[in-house]
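In this notebook I record what I looked up in one structure, entry by entry. The sequence and the structure are shown first.

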Amino acid sequence: MRSMVIKMKTNKKFSAVCAALAALMICSSSVNAAETGTVNITIDVSKDRKAISPYIYGVNSELMNKDVSCTAVRAGGNRFSAYNWETNASNAGSDWKHISDGYFQQGLSDDLKDAYGGVAINLSRKCAEKNNAYSLMTLQMAGYVSADMNGEVTEAEAAPSARWNKVEFSKGSDLSLEPDLNDGAVYMDEFVNYLVNTLGDSQSVNGIKGYSLDNEPALWRWTHERIHPEQTGCAEIVESSKALAGAVKNIDPGAEIFGPALFGYHAFVGFSDAPDWNGIKQNSDYRWFIDYYLDEMKKAEDETGTRLLDVLDVHFYTEAKGECGERSCKHYKQEGCVTARLNSTRSLWDETYRENSWIVDSGAEFFPLLPNLQQSIDKFYPGTKIAITEYDFGASNDISGGIAEADALGIFAKNGVYFATLFAGEANYQCSAIDIYTNYDRSGSSFGNTLVYCETDNIELSTAYAAVDDGNDDVITLVVTNKSFRDNTTANIKIEGAENYVYVHLYGLHAMNPGVFDFSDSSSAVTISEDMISYEMEPETVSLLVIARDKEAVEARAAAKISEKDADAVEPELPAEAEIAEEKNSPSVIGWIIGGAAAILAAAGAVLAVKRKAK
């Protein structure tokens, strides 16, 4: 066997500290050697090749100011259901006392606070900063939006009242770039038209790429009872979806429509026991509400000649409970709870797995979720894509959250998900897991764009996902997890379908600190023989192995990624300053969340081992 060359990079500012930490941890690792389990991983670059959607590595707008190399950003959530694009006012709904205020304005720069569609324009600007990430904007469909920023809306002031402006999907008259602030209404086609004229259409560099048909409509009765006090019906949401989607397509035919933004399993099955669901189900062959929605949107396309639903949009928050009995608990030192989190991603794809949750207690007929979604699409609306625009497996500030996130991203790629955006709080480890796929060397190098066959013989211990770049098999990127709570795991990696892979560069995510770390020279963790790569993984880690025919192939790939990134770095083509001033104010960048931890995280870049859990 020949030891692989693994070089270590450190942030210059912290090099002395890093060196000391590295020496300390190497000594600790060698003295406290753990028992080692084994997992066998087989890669075959000639089998099961599948294009990976670039948009699965996304975040919601709460995270877009963090130092994360995301590929998509969604502006969505409960606040957006009553967002008034003309004034940037919104209403918190039941999340906070039904208060109408300038919540969104608080995060906007001064020159954008009063700009029409300020949040959407900012979304475009932020996506431009993120190497032209996909922008998904929420449109309003629940009936009313905030007419003011005057605080709590009482029951007596529920819509219709002076506290609200009515939502109209189509204006029915000339669309203006200066909307009437006193007509008591907002028009969705006028909103889209304004964005197209301000940013360009969906096919342009800075245009909004997709529009979401509001947010979690099955919950409006509870989240936004001041504007939609009655439970939303199945027929109602279909008719509204068709009308709003049609209004968007009339203005921007290339924009993708996402719907119906279902909040979770109960909504998937019967639209949260919608009043008309039982009658619909009894008189059809629909298994669940998703079948009905897809079928109705397909019928709409057949009638109009226009596809009004491009992407089936669902949300997925794990309901799996740890051994403590709590859902997505924070018992990070309790092995049974950590194991439950790491296995919970299997509800997305694994027919043999049953999580401990109320969903399983009620039958879990539609688990695993992704194959069931695809089955419905294939039967009722072929060609529809899948989006998970909100999801979270928890543990934002623990390595287990990073492992679950890395696994979820691999699952999305393997199951053909088109678009996914993480919805979480700080999400430090989860953002690092995104980076390990999108920018592991901080120079733009990413997981390959074409998935290849990759299987492990023990998914409870380790999951693995391998990819190449289309047309170039000289470099394989392999993301592999070690779910073991306290023990090392040896991964025996066999590559089939191609030969002569003799170089490995190792990157990793571990428990010491969030961040993707570059491990290069002077480690014996990776060894190679003629037909096998052996990698000793520390417990609770995510690793990315860049496996190549030679070092030059890796360097050439990295250089190509940098060139590609530079070529895509197009400055936003927004209206001239004088033109913007006439409409309102010039666009700028929102500042919702400051990701100031990035520099601190780099300090631990030289650490080669992780702190072991106490037995």
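The entries below go from the whole protein to selected parts.

**Entry 1. Basis of the values.** I worked with a predicted model, in which local features need pLDDT of at least 70 and side-chain atom pairs count only at pLDDT 80 or more, while totals for chains, interfaces and linings use all residues. Residues are numbered from 1 along each chain as its sequence is written, and side-chain values use heavy atoms, with hydrogens and water left out.

**Entry 2. The whole protein.** I found 17 helices and 26 strands; these are DSSP runs numbered from the N terminus, with helices being H or I of at least four residues and strands E of at least two. Of the 615 residues, 58% are buried. Buried means under 20% relative accessible area, exposed means over 50%, and partly exposed lies in between, with a 1.4 Å probe and protein chains only. I then looked at contacts, meaning heavy atoms within 4.5 Å. Among contacts with a separation of 6 or more, 74% join residues 24 or more positions apart.

**Entry 3. Helices α3 and α4.** I looked up how α3 (residues 118-129) and α4 (residues 188-199) meet: their axes come within 11 Å and cross at roughly 40°. The axes are lines fitted to C-alpha atoms over the stretch in contact, and angles run from 0 to 180 degrees between N-to-C directions. The two helices are therefore oblique to each other, as angles under 35 degrees count as roughly parallel, over 145 as roughly antiparallel, 65 to 115 as roughly perpendicular and the rest as oblique. From α3, Ala120, Ile121 and Ser124 make the contact, and from α4, Phe191, Tyr194, Leu195, Thr198 and Leu199.

**Entry 4. Cysteines.** How many disulfides are there? A disulfide is a covalent bond between the sulfur atoms of two cysteines; here the rule is a pair of cysteine sulfur atoms within 2.5 Å. By this rule I count zero disulfides. The sulfur of cysteine 70 is 7.1 Å from its closest cysteine sulfur, in cysteine 127, which is too far for a bond. The sulfur of cysteine 329 is 3.5 Å from that of cysteine 337, its closest, and this too is too far for a bond. Cysteine 70 is buried at 3% relative accessible area, and cysteine 329 is buried at 4%.

**Entry 5. Isoleucine 411.** I located isoleucine 411 in helix α13 (residues 399-414). Isoleucine 411 is buried, with 2% relative accessibility. Not counting residues up to four places away in sequence, isoleucine 411 touches Thr345, Leu348, Trp349, Leu370 and Tyr465. Isoleucine 411 and arginine 346 are 65 residues apart in sequence, yet 8.7 Å apart in space, C-alpha to C-alpha.
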